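Subject: Structure handover

Hello,

The structure you asked about is below. My notes on it follow.

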Amino acid sequence: MQKKIDKTHKEITHIQNTIWAIYKSFLEDHDIKEYDRKMGELMEEYRIKKDEALFSFCKCQFISWEHIIRGFAEMFRQHRD
């Protein structure tokens, strides 16, 4: 059982760290299409693994971040104009 717990913890860490890296990249380049592409790749990674719980976790993270990212994108657009 401990092995499964450790594996799941490692996967959650990977998801969270990847999302953080995607977010930081977005703050640098303001490229929302690239942000969406990278998040899509992350979700696809877990869809392919057929791990419904982790795939669902990725989807929920994407949805949770959506409003924040879109808000930043709008602020970046306004700042450019």
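The axes used here are lines fitted to C-alpha atoms, for helices over the stretch in contact, and angles run from 0 to 180 degrees between N-to-C directions. Please keep in mind that this is a predicted model.

Helix packing. Helix 1 (residues 2-29) packs against helix 2 (residues 32-48) at an angle of about 170°, and their axes are 9 Å apart. Angles over 145 degrees count as roughly antiparallel, and helix 1 and helix 2 are therefore roughly antiparallel to each other. On the helix 1 side the contact is made by Glu11, His14, Ile15, Thr18, Ile19, Ile22, Ser25 and Phe26. Helix 2 contributes Ile32, Tyr35, Lys38, Met39, Leu42, Glu45 and Tyr46. By type, the residues of this contact divide into nine nonpolar, three polar and three charged.

Nonpolar core. The largest nonpolar core has 19 residues. Ile15, Phe26, Tyr35, Tyr46 and Ile69 have the most contacts inside it. Helix 1, helix 2 and helix 3 each supply at least two residues of this core, and the largest share, eight residues, comes from helix 3. Leaving aside residues up to four places away in sequence, tyrosine 35 touches Ile22, Phe26, Phe62, Trp65 and Ile69.

Glycine 71. This residue is in helix 3 (residues 52-80). Glycine 71 lies 34 residues from arginine 37 in sequence, and their C-alpha atoms are 18 Å apart in space.

Regards

Technical notes. Residues are numbered from 1 along each chain as its sequence is written. This is a predicted model: local features need pLDDT of at least 70, side-chain atom pairs count only at pLDDT 80 or more; totals for chains, interfaces and linings use all residues. Side-chain values use heavy atoms; hydrogens and water are left out. Helices (H or I, at least four residues) and strands (E, at least two) are DSSP runs, numbered from the N terminus. Angles under 35 degrees count as roughly parallel, over 145 as roughly antiparallel, 65 to 115 as roughly perpendicular and the rest as oblique. Contact means heavy atoms within 4.5 Å. Ala, Val, Leu, Ile, Met, Phe, Trp, Tyr, Cys and Pro count as nonpolar, Asp, Glu, Lys and Arg as charged, and the others, Gly among them, as polar. A nonpolar core is a set of buried Ala, Val, Leu, Ile, Met, Phe, Trp, Tyr and Cys residues joined through side-chain atoms within 4.5 Å. Buried means under 20% relative accessible area, exposed over 50%, partly exposed in between (1.4 Å probe, protein chains only).
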